[in-house]
Amino acid sequence: MKGQHNKAVRIFVGGLGESVTKQDLHSLFSSFGNVEAVETIRTKGRSFAYLDFLPSPTDDKSLSRLFSKYNGCVWKGGKLKLEKAKEYYLVRLKREWDEDAMSC
């Protein structure tokens with residue numbers, strides 16, 4: 001339903017090629033909705049990212065289409081692996097504080 005798409009979804013993107021930038025990821029996924037933030041992590045031999053993604057409000061299947069199109073695809077020297085990730089810790093903590101403050 002259209003009213004359910006007002007919350008950002010955190011997406012883990014693994015298997016990134018070494019040359020992939022934040023802008024590359026933003027450009028790739030923005031056709032399916034709004035990419036609010038991109039965080040890339042690079043360690044020895046591993047590159048991955050977390051995206052805060054707001055699905056398109058006019059397309060209630062945009063998130064599932066994004067996963068079906070890009071999960072497992074080869075892109076810029078890596079094989080992408082997409083998964084829904086847990087909410088970012090600090091965002092969850094702020095939300096819980098706000099909920100506690102409203103319940104008093």
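**A first tour of the chain**

User: Hello! Is Pro57 buried or exposed?
Analyst: Pro57 has a relative accessible area of 56%. Buried means under 20%, exposed means over 50%, and partly exposed lies in between, using a 1.4 Å probe and protein chains only. With its 56%, Pro57 therefore counts as exposed.

User: What kind of model is this?
Analyst: Residues are numbered from 1 along each chain as its sequence is written, and side-chain values use heavy atoms, with hydrogens and water left out. Local features need pLDDT of at least 70, side-chain atom pairs count only at pLDDT 80 or more, and totals for chains, interfaces and linings use all residues, as this is a predicted model.

User: In what order do the elements of the protein chain run?
Analyst: The protein chain has 3 helices and 6 strands. These are DSSP runs numbered from the N terminus: helices are H or I with at least four residues, and strands are E with at least two. From the N terminus on, the order is β-α-β-β-α-β-β-β-α.

User: Where does Pro57 lie, and how far is its C-alpha from that of Phe32?
Analyst: Pro57 sits in the loop between β3 and α2. Along the sequence, Pro57 and Phe32 are 25 residues apart. In space, their C-alpha atoms are separated by 9.9 Å.

User: What share of the residues in the protein chain is buried?
Analyst: The C-alpha trace spans about 50 × 35 × 20 Å along its principal axes. The protein chain has 104 residues, and the buried share of them is 34%.

User: Why does Leu25 count as buried, and what is its relative accessible area?
Analyst: Leu25 is found in helix α1. Leaving out residues up to four places away in sequence, Leu25 touches Val13, Leu16, Val20, Val38, Thr40, Ala49, Leu51 and Trp75, where contact means heavy atoms within 4.5 Å. In soluble globular proteins, nonpolar side chains tend to be buried together. Leu25 counts as buried because its relative accessible area is 0%.

User: Which residue's side chain makes a polar contact with the side chain of Ser47?
Analyst: Ser47 is in strand β3, and with 12% relative accessibility Ser47 counts as buried. A polar contact is a pair of N or O atoms within 3.5 Å; within protein, one must be able to donate a hydrogen and the other to accept it, and residues adjacent in sequence count only if both atoms are side-chain atoms. At 3.0 Å, the partner of Ser47 is Arg42.

User: What is the phi of Lys76?
Analyst: Lys76 is in the loop between β4 (74-75) and β5 (78-79), and is partly exposed at 41% relative accessible area. Most residues other than glycine have a negative phi. Lys76 is not a glycine, yet its phi is positive, at about 50°.

User: How many charged residues are in the lining of the largest pocket?
Analyst: On a 1 Å grid over the protein atoms alone, a pocket is an open set of points where a 1.4 Å probe fits, with protein on both sides within 12 Å along at least five of seven lines, and lining residues have an atom within 4 Å of a point. Its space is about 290 Å³, the volume being that filled by probe spheres set on points joined across faces, edges and corners. Lining residues include Arg10, Glu36, Asp52 and Lys84. Counting Ala, Val, Leu, Ile, Met, Phe, Trp, Tyr, Cys and Pro as nonpolar, Asp, Glu, Lys and Arg as charged, and the others, Gly among them, as polar, the lining has 5 nonpolar residues, no polar ones, and a charged count of 7.
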